[in-house]
Amino acid sequence: MNLKTAIKMTRPYSLFATVVPLVVGGAIAYKVGNFNLTLWIITFIVALLLQMGTNVFNEYGDYIHGIDTPGIFIDSTLVNKEATPEEAFKLGVGIFVVAYLIAIPLILARGILVLIMGVIATAIAILYTFGPCPISRTPFGELVVGLTMGLFEIIVTEFVSCGKITIMSYLASIPVSLLVSAILFANNIRDIEIDRKARKTLAVVLGRKYAAWVYYMEYIISYAWVFLFYEYTKSPYAFLPFLSLPFFIYMLMKINKEGWKFSVIYSSNEELFYGIALLAAILLS
């Protein structure tokens, strides 16, 4: 397996799902005070590596379980014979090992709680694809991923970066969790016909029509949340997330015209634009 294939297997386009919670959590820590930039940077790197490793194991698990097969999931490096399952497994393990090694300074600085948080994140990553009832094959995938990569990552980032966990982390995690969940939901709506044969995702349970409505509601709630944020901060900067609204409208138009083929990319970009605006709102409020 060459470097290009290894990078492709980590799905770089999906990493915005981790970038946004990390920068939001860092912004909250900065506002709280006693912000440690070095620890935040290490946390950022570790979180990205954990997601990359999870992506590799997800592709590996789907392939060995017969979910990704030739002629159905053409974007899989394993299906396309660009790498072997053994190489994918070794890559996933290697990424996780490197992540834990890099995380040692975080454990030394903030204590055993950080290690426990890391173990929990790793367990969720493994159980998402493996085990007697993989989370990815149930209707709870969006919920677990949203809470893990939204709420959990923001809380961990604030704690590691400044040594505290404040109410702002819980508040800011609401739209971030929804936006992260929406990325996976877009993926599952796109793959609904494929998944019917092997998974019972929420999209499969609801059907494409109702799943689409739930997907849109995640964004509507995220924008409605801005008014709650304003009530908490009493700052006009709380409305900055509305700056991403034009792209949301553009995304809806594209999905309506093209279908769900590129919805994951659009959803990732929407999370990024909303996240940047939310970052500014937190820092300026």
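Select K31 to start. K31 sits in helix 2, residues 16-32. Helices here are DSSP runs of H or I with at least four residues, strands are runs of E with at least two, and both are numbered from the N terminus. Residues are numbered from 1 along each chain as its sequence is written, and side-chain values use heavy atoms, leaving out hydrogens and water. The model is predicted, so local features need pLDDT of at least 70 and side-chain atom pairs count only at pLDDT 80 or more, while totals for chains, interfaces and linings use all residues.

Is K31 buried or exposed, or something in between? K31 counts as partly exposed, at 41% relative accessibility. The cut-offs are these: buried means under 20% relative accessible area, exposed means over 50%, and partly exposed is in between, with a 1.4 Å probe and protein chains only.

Now show what touches K31. Leaving aside its neighbours within four places in sequence, K31 is in contact with I282, L283 and S285. Contact means heavy atoms within 4.5 Å. The C-alpha atoms of K31 and G131 are separated by 41 Å, and the two residues are 100 apart along the chain.

**Helix 2 against helix 13**

Colour helix 2 and helix 13. Their axes come within 9 Å and cross at roughly 5°. Axes are lines fitted to C-alpha atoms, for helices over the stretch in contact, and angles run from 0 to 180 degrees between N-to-C directions. Helix 2 and helix 13 are therefore roughly parallel to each other. Angles under 35 degrees count as roughly parallel, over 145 as roughly antiparallel, 65 to 115 as roughly perpendicular, and the rest as oblique.

Show the side chains between them. From helix 2, pick residues including F16, V20, V24 and K31. From helix 13, pick residues including L272, L278, I282 and L283. By class, this contact has 14 nonpolar, three polar and two charged residues. Ala, Val, Leu, Ile, Met, Phe, Trp, Tyr, Cys and Pro count as nonpolar; Asp, Glu, Lys and Arg count as charged; the others, Gly among them, count as polar.

**Helix 8 against helix 13**

How are helix 8 and helix 13 arranged to each other? They pack at an angle of about 175°, with their axes 8 Å apart. Helix 8 and helix 13 are therefore roughly antiparallel to each other. On the helix 8 side, the contact residues include P175, L179, I183 and R190. On the helix 13 side, they include V264, E271, Y274 and I282. The classes are 12 nonpolar, four polar and two charged.

Select S169, in helix 8. S169 is buried, with a relative accessible area of 0%. Beyond its neighbours within four places in sequence, S169 is in contact with I28, I154, I155 and E158.

Step to Y170, also placed in helix 8. At 40% relative accessibility, Y170 counts as partly exposed. With neighbours within four places in sequence left aside, Y170 is in contact with L151, I155 and I165.

**Helix 12 against helix 13**

Now colour helix 12, residues 245-258, beside helix 13, residues 263-284. The packing angle is about 175°, and the axes are 10 Å apart. Helix 12 and helix 13 are therefore roughly antiparallel to each other. Helix 12 brings residues including F247, M251 and I255, and helix 13 brings residues including Y266, E270 and F273. This contact divides into six nonpolar, three polar and three charged residues.

**Two loop residues**

Go to N34, in the loop between helix 2 and helix 3 (37-64). What is the phi of N34? It is positive, about 60°, although N34 is not a glycine. Most residues other than glycine have a negative phi. N34 is exposed, with a relative accessible area of 64%.

Then select K234, in the loop between helix 11 and helix 12. Phi of K234 is near 60°, again a positive value in a residue other than glycine. K234 counts as exposed, at 53% relative accessibility.
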